[in-house]
Amino acid sequence: MRIINLLSAMLFCVVLTAQVKPKVVSTASMMYDMVNNIAGDAVDSRVIVPIGGDPHLYDPTPNDAILVNSADYIIINGLTFEGWILELIANSGTKAVVDTVTQGVTPIQSGKYSGAYDPHAWMDVSNGLIYIKNVRDGLIKLMPENKDIFEKNYQIYSERLQALDLYIENRIKEIPVQKRVLITSHDAFAYYGKRYGLRLEAIQGMSTEAEAQTSDIIRIVNVIKESRVPAVFIESTISPKLIQQIAKDNNVVIGGELFADSIGDEESGGNSYYDMLKKNTDTIVDALKGEKQGALKYKHESKSNWMLYTLIGLFFIVGIIVMVIKLK
Ligand SMILES: [Zn+2]
């Protein structure tokens, strides 16, 4: 009897070791969250760029190479979002299957560079739905025995995202048409703007690598003046200094912090793909709707300009009078 117990205990241990979960490695937190939604705890889900990190500028560590080497399945965004990933994969010697979640997405061309595409496709929830379909398919290939669970989780998740898509569309409509202008640090919202009807203006380009030019700042200042938007926005993964300075100089408020290239931490209210887009939308709509505040500020500005011109005029007249008296 004892021997049988011992044998069954040993067998149990063998089964446990055999049941090591497949390791799924995502480059960025948006995809990491999608994997968690569909796979639940059936896989060992990991992310390379930590929450709050900037995937454009990420510098992989030796630990990342170890992680990628031990991965069974790697999920990347593609469209040159993670410029460092192919080298990391090659150098790690991994045998993992690598999938690009933007497969099937219609990419937006870069305005600045011909032949280059905008990587921020997840900002449009209809693209997010393509992402999660690709994640589901990849996970089913990895664990065909879990097909039913993954399908079911996908179905629930997909319905939530469809509702989110509609929510964003309706909330943006609350902003007066001429104020549907989104001014941010870097050009991450083109897909969002295209889908939901916002004009986009960013100081930097589609990657955070390039430094902002004086001409970019002049362009943004002109947009603020023309559109009379009451607010500009900072991004959670980018230094807010420049945007804060522009806001101060132009008498507009900081509308809030937006999540672009990463989900937020647990206290941020944007700790998932779903929450980051919902929170962004609420932040944008609430700030751009702030008509009274904006109008007040502009009134104040034009009043101070008027006083300045009157003063200059008075000095001019006094100067002429003094000159005339002296000439006499
Ligand atoms: Zn970006």
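Along the chain, the donors of the zinc ion follow the spacing H-x63-H-x65-H-x74-D, where donors are N, O and S atoms within 2.8 Å of the metal (3.2 Å for Na, K and Ca), and water is not among the atoms, so sites may look incomplete. His 56 sits in the loop between β2 (44–47) and α3 (62–69), and Asp 261 in the loop between β8 (253–258) and α10 (273–288), so this pair ties together parts that are 205 residues apart in sequence; helices (H or I, at least four residues) and strands (E, at least two) are DSSP runs, numbered from the N terminus.

This is a predicted model, in which local features need pLDDT of at least 70 and side-chain atom pairs count only at pLDDT 80 or more, while totals for chains, interfaces and linings use all residues. Residues are numbered from 1 along each chain as its sequence is written, and side-chain values use heavy atoms, with hydrogens and water left out.

The protein donors are His 56 (NE2), His 120 (NE2), His 186 (NE2), Asp 261 (OD) and Asp 261 (OD), at 2.0 to 2.6 Å from the zinc ion. His 56 is buried, at a relative accessible area of 8%, and Asp 261 is buried as well, at 1%, buried being under 20% relative accessible area, exposed over 50%, and partly exposed in between (1.4 Å probe, protein chains only).

On confidence, the protein chain averages a pLDDT of 89, and 88% of the residues score at least 70, pLDDT being the predictor's confidence in each residue, from 0 to 100. Over residues 292–303, pLDDT stays under 50. Where pLDDT is low, the predicted coordinates should not be read in detail.

Technical notes:
Contact = heavy atoms within 4.5 Å.
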